[in-house]
Amino acid sequence: MLAILPILSGVVLLVGLLRAAVPASTIQAVFGGDTLRDTLTGSFLGSLLAGNPINSYIIGGQLLEDGVSLYAVGAFVVAWVTVGMVQLPAESIALGRKFALYRNGLAFVMSIPIALTAATLVALLGGIS
Amino acid sequence: MSKSQQGDKQGGSSTMLRNGLIFLGIVACIYAVVAVFAPETAGGAFMASLAVFRGVIFPLCLVFAALVLTNLFLRPHQVARMLGRGSGVRGSALALAAGILSTGPVYAWYPLLGSIRRQGGGAAQISVFMFGRSIKPFLLPAMAAYFGIAFTIILNVLIAVGAFIVGWITEKLPVHEDLQ
């Protein structure tokens with residue numbers, strides 16, 4: 001348990017740095033309107049950012065209000081928790097380098113069909129109500 | 001636990017401590033660079049980190065308690081049976097349930113997950129646990145308020161299915177000799 005403390009401290013400091021350096025307005029500015037590209041962008045941003053899932057809902061809700069598609073927001077929300085680029089060094093140390101790389105890669109890829117399927121099904125059901 | 005297993009465990013801990021200190025040193029260097037070029041950002045980042053740290057304390061205590069209990073009552077062969085490579089769908093379902101019920105940031109769970117892996121826990125089950133963590137029952141009302149009930153239900157069902165798929169694929173990849 002003691003051995004993990006430096007890793008935890010490093011990750012917490014990195015998360016704080018990311019929060020301070022990347023404001024929500026910057027996140028909103030990177031979506032262009034193309035479904036597939038926005039979904040990829042959503043997954044990428046979700047992978048990059050970290051924190052409580054409720055924060056991803058708040059940012060995701062704001063993105064929806066700003067006209068970003070549900071595909072992109074869904075990918076963002078899924079990748080927020082399942083992929084952790086900031087935590088990747090810590091995960092590699094704790095669980096193995098190959099494991100961490102493969103797991104995060106797979107989770108990134110998986111977030112895309114999950115978001116596309118969920119948003120498509122919701123659209124078929126009549127959209128968000 | 002045999003002497004050789006204890007030795008392996010201590011060796012793994014010292015390697016983790018050394019790598020962790022290197023990682024922390026790199027992060028400290030990044031902060032130093034940011035502090036030179038953008039002192040306000042560095043200050044804001046440090047304050048944000050303190051807020052994050054306060055949020056981590058409770059789950060860390062839970063993880064520490066879980067570590068103590070698993071080390072006291074669970075033997076490696078039991079862990080391997082419940083969550084090991086041969087535990088199959090039942091082990092993955094158990095891992096998914098644990099992931100859904102887990103609280104706090106994922107990095108607070110690394111010590112326990114690392115310990116489980118070293119005791120024979122399967123890569124698939126660890127992956128399922130980590131993917132399933134995005135399903136948070138107590139946050140579902142908030143999620144539904146932002147994205148609607150239909151999207152919330154569909155997305156969470158798909159995440160559960162996706163967790164099993166990620167776990168199944170992870171198991172097929174060369175990740176089993178990866179841990180020191």
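What share of the contacts in chain A with a separation of 6 or more comes from residues 24 or more positions apart? The share is 79%, where two residues are in contact if their C-beta atoms, placed from the backbone, lie within 7 Å.

Before you click on, note that this is a predicted model, in which local features need pLDDT of at least 70, side-chain atom pairs count only at pLDDT 80 or more, and totals for chains, interfaces and linings use all residues. Residues are numbered from 1 along each chain as its sequence is written, while chains are lettered from A and ligands numbered from 1 in the order in which they are written.

**Stop one: chain A.** Select chain A and you will find seven helices and zero strands; helices (H or I, at least four residues) and strands (E, at least two) are DSSP runs, numbered from the N terminus.

**Stop two: where the chains meet.** Now show both chains: 61 residues of chain B are in contact with 54 residues of chain A. On the chain B side, helices that each supply at least two residues include α1 (3-37), α2 (39-73) and α8 (149-172).

**Stop three: T152(B).** Stay with helix α8 of chain B and pick T152(B). T152(B) counts as buried because 22 other C-beta atoms lie within 10 Å. Leaving out residues up to four places away in sequence, T152(B) touches L140(B), M143(B), A144(B) and F147(B).

Terms used. A residue is buried if 20 or more other C-beta atoms lie within 10 Å of its own, exposed if 12 or fewer, and partly exposed in between; C-beta atoms are placed from the backbone.
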